[in-house]
Amino acid sequence: MDRAEAYRLMCEHTPSESLRRHMLNVETAMRWYARHWGEDEELYAVTGLLHDFDYEQHPEEHPVWGVRYLREHTDTPEVVLEAILGHVASAPRPTRLAKTLFAVDELTGLVQAAALIRPDKDLRKLEFSSLKKRFKSRAFAAGVNRDEVEQGARELGVDLEEHLANVLRAMQEVAEPQAAS
Ligand SMILES: [Fe+2]
Ligand SMILES: [Fe+2]
C-alpha cells in the first residue's frame with residue numbers, strides 16, 4: 001500500500017467530491033505532523049487518505065468495514081489499520097499515528113469551512129485569530145466536534161492553540177490560489 005494505491009482505492013469507493021476533499025485535507029495535516037516529528041510521511045499520508053474511504057458506501061459499519069476490506073484485499077500495515085479504527089472518539093489510540101489522525105480529522109473541516117465563508121474563499125489568507133474565533137463559536141460549522149479536537153490535541157500532547165496553528169499552516173502550504181469571482 002503506497003500513496004498512489006491509497007488514492008486510487010479512496011476514489012474508487014468515494015464518489016463524493018467533498019468527502020474526497022476531506023480525506024485529502026486530512027492527508028495534508030498528517031504529512032505536516034509526520035515532517036514535524038521526523039516520522040514516516042508516506043505512512044501518515046496513506047492513513048489520512050484512507051481513513052474514511054468506506055464511509056460513503058458503508059456508513060453504518062464505518063470504519064470496521066473499511067479495515068476488514070483493507071486487511072483482506074491489501075497489504076496495508078497493521079499500524080495504519082489500528083489508527084483508522086482509532087479515529088472514533090471512544091476507541092483506543094496506542095500510537096502517535098493514531099493520535100494524530102484523531103486530532104486532525106475534525107479540525108481540517110473547521111479550517112476548510114472558515115476559509116469558505118470568506119468572500120474570496122482564500123484559505124491562504126485565513127488569519128489564525130479568525131480560526132480561533134471560529135473554533136470558539138460553536139454555532140459555526142456546528143458539525144465539527146470541538147470536544148473531540150480538544151481531546152485529540154490533549155492526547156497528542158500538543159497545546160490546543162498550537163495544534164490549530166499547525167493544521168492551518170499545513171493546509172495553507174498546499175492551498176491553491178482562488179480565482180477572483
Ligand atoms: Fe470517519
Ligand atoms: Fe474523517
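This is a predicted model: local features need pLDDT of at least 70, side-chain atom pairs count only at pLDDT 80 or more; totals for chains, interfaces and linings use all residues.
## Annotated span

An unreviewed UniProt entry carries the annotation "domain: HD", which covers residues 21–108. In the model, this span is 66% helix and 0% strand.

## Helix 2 and helix 3

Two packed helices are described by the angle between their axes and the distance between the axes. For helix 2 (residues 17–37) and helix 3, the axes come within 7 Å and cross at roughly 155 degrees. Angles over 145 degrees count as roughly antiparallel, so helix 2 is roughly antiparallel to helix 3. The crossing of this pair is right-handed.

On the helix 2 side, the contact is made by Met23, Val26, Glu27, Ala29, Met30, Arg31, Tyr33, Ala34 and Arg35. Helix 3 contributes Glu41, Tyr44, Ala45, Thr47, Gly48 and Leu49. Sorted by class, the contact of helix 2 with helix 3 has 9 nonpolar, 2 polar and 4 charged residues.

## Helix 7 and helix 9

Helix 7 (residues 128–136) packs with helix 9 (residues 160–174) at an angle of about 120 degrees, and their axes are 10 Å apart. This angle makes helix 7 oblique to helix 9. Helix 7 and helix 9 cross in a right-handed sense.

Phe128, Leu131, Lys132 and Phe135 make the contact from helix 7, and Glu161, Leu164, Ala165 and Leu168 from helix 9. By class, the contact of helix 7 with helix 9 has 6 nonpolar and 2 charged residues, with no polar ones.

Most residues other than glycine have a negative phi, and most peptide bonds are trans. The peptide bond from His62 to Pro63 is cis, with omega near 0 degrees. Pro63 sits in the loop between helix 3 (41–50) and helix 4 (64–73).

Pro63 is also one of the residues that His87 touches. Leaving aside residues up to four places away in sequence, His87 touches His51, Pro63, Leu101, Phe102 and Asp105. His87 is placed in the loop between helix 5 (78–85) and helix 6. Is His87 buried or exposed? His87 counts as buried because it has 24 C-beta neighbours inside 10 Å, and the cut-off for a buried residue is 20 or more. From His87 to Arg146 the C-alpha to C-alpha distance is 15 Å, and the two residues are 59 apart in sequence.

Lys121 belongs to the loop between helix 6 (96–116) and helix 7. With 13 other C-beta atoms within 10 Å, Lys121 is partly exposed.

Ala141, which is not a glycine either, has a positive phi of about 40 degrees. The loop that holds Ala141 runs between helix 7 and helix 8 (146–156). Ala141 has 19 C-beta neighbours inside 10 Å and therefore counts as partly exposed.

How values were computed: Residues are numbered from 1 along each chain as its sequence is written. Chains are lettered from A and ligands numbered from 1 in the order in which they are written. Axes are lines fitted to C-alpha atoms, for helices over the stretch in contact, and angles run from 0 to 180 degrees between N-to-C directions. Helices (H or I, at least four residues) and strands (E, at least two) are DSSP runs, numbered from the N terminus. Angles under 35 degrees count as roughly parallel, over 145 as roughly antiparallel, 65 to 115 as roughly perpendicular and the rest as oblique. A crossing is left-handed if the near helix is turned anticlockwise from the far one by less than a right angle, and right-handed if clockwise. Two residues are in contact if their C-beta atoms, placed from the backbone, lie within 7 Å. Ala, Val, Leu, Ile, Met, Phe, Trp, Tyr, Cys and Pro count as nonpolar, Asp, Glu, Lys and Arg as charged, and the others, Gly among them, as polar. UniProt positions are given in the numbering used here, feature names are shortened, and annotations may be inferred rather than shown by experiment. A residue is buried if 20 or more other C-beta atoms lie within 10 Å of its own, exposed if 12 or fewer, and partly exposed in between; C-beta atoms are placed from the backbone.
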